[in-house]
Amino acid sequence: MSAALRRAETFCSRFGLQVPILLAPMAGACPPALSVAVAKAGGLGACGALLMRPDEILAWAGAVRAGSNGAFQINTWIPDPAPARDPAHEARVRDFLGRWGPEVPPEAADAVPPDFDAQCRAILEAGPFIVSSIMGLYPASFVAALKERGIAWFATVTTVAEARAAERAGADAIVAQGSEAGGHRGSFDAGEAERLQVGLFALLPAVADTVSIPVIAAGGIADARGVAAALVLGASAVQIGTGFLRCPEAGIHPAWADALALTAPEDTSVTRAFSGRAGRSLANGYVRAAAAADAPAPAPYPVQRALTATMRAAAQKAGDVQRMQAWAGQSARLASGLSQAVR
């Protein structure tokens, strides 16, 4: 047996999987049905809990357990420091957004994400086999609580230095996120997300050669060729997000799903225009306009996310992919529209 297959077999045996494929924990695009389908096909389901209240986290876990063998990870973000507020700049952003959707009231910027500590308590109560992090490292007290309960911790990283830090902090596995990945960049330092963009097939072997724990490859993998290449380069498993978004179980808007099928790698762009945090999306009309020289710079996270909420909701209702928050990795065109249960 090759070293690549041996790594994958060891990983699957340890975490109760039939295939070394993990669903990426995509906030807002990981309904229970998708995780159930992935788990039934032998992989690992996932919950992107960033926007979820504690009761929603518990309900999600219950639904997946009821429909599958219960193999899933729950993920949430490590909070950023409180953003610096600039009312005058926020007014310019609201004016710009008003050209793309309904008028944005000033108080919209005051919305905040769910409480992180409450989410962590709910995650412990839900008792998943695996908890994952992104945008940094969990506090030592939470890591200790995970280990007391026998819950594995997968830490998402975007650089070799972050991988070293995660292993030192007690991570059980590393998710190496290449710059091809759709959705938000997992950089520990939000301000460095664009500068420190490393492609997966440069990042993966470097991380695998640096740490002694399993490495999971993420970013730009959407078919068997990508899985095989990642395993050869040192991964023990792969994590796929965009590649699952066109499955009916994902339940995303048809306009978004249809656009993914036509998206070449160069048709995506890393932007802060939706949330204030760097993320890769379709390079649609709004993203291009927000990058123009005369457009105001995005407000910091989570202010920008709050300000764009009305536009994003209007775009979703209208099915307008040119204004939609349509995250997409660079291999989006490889995403299959088949049910995950029969892939």
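Author: Q119 sits in helix α5, residues 116-126. Helices (H or I, at least four residues) and strands (E, at least two) are DSSP runs, numbered from the N terminus. This is a predicted model, where local features need pLDDT of at least 70, side-chain atom pairs count only at pLDDT 80 or more, and totals for chains, interfaces and linings use all residues. Residues are numbered from 1 along each chain as its sequence is written, and side-chain values use heavy atoms, with hydrogens and water left out.

Reader: Is Q119 buried or exposed?

Author: Buried means under 20% relative accessible area, exposed over 50%, partly exposed in between (1.4 Å probe, protein chains only). Q119 has 2% relative accessibility, so it counts as buried.

Reader: Which residues is Q119 in contact with?

Author: Contact means heavy atoms within 4.5 Å. Leaving aside neighbours within four places in sequence, Q119 is in contact with A49, L50, L51, M52, P54, I57, T76 and P114.

Reader: What about F116, buried or exposed?

Author: F116 also lies in helix α5. Its relative accessible area is 14%, so F116 is buried. Beyond its neighbours within four places in sequence, F116 is in contact with T76, W77, I78, P79, Y138 and P139. Take P79: 37 residues from F116 in sequence, and 7.2 Å from it in space, C-alpha to C-alpha.

Reader: Now strands. Which way do the side chains of β5 point?

Author: In a regular strand the side chains alternate between the two faces of the sheet. In β5, A152, F154 and T156 point one way, W153, A155 and V157 the other, and all are buried. With 6 of the 6 residues of β5 (residues 152-157) buried, the strand is largely enclosed by the rest of the structure.

Reader: Which strands pair with β5?

Author: Strands of a sheet pair through backbone hydrogen bonds, either parallel or antiparallel. Two strands pair if DSSP finds at least two bridges between them. β4 (residues 130-134) runs parallel to β5, joined by 4 bridges. There, S132 stands opposite F154. β5 also pairs with β6 (residues 173-177) in the parallel sense, over 4 bridges. V157 has A176 in β6 as its bridge partner.

Reader: Where is there an antiparallel case?

Author: 3 strands form an open sheet in the order β7-β11-β10, with antiparallel pairing. Its edge strands are β7 (183-184) and β10 (268-271), each pairing on one side only. β10 and β11 (residues 279-282) pair over 4 bridges. S281 in β11 is the bridge partner of S269.
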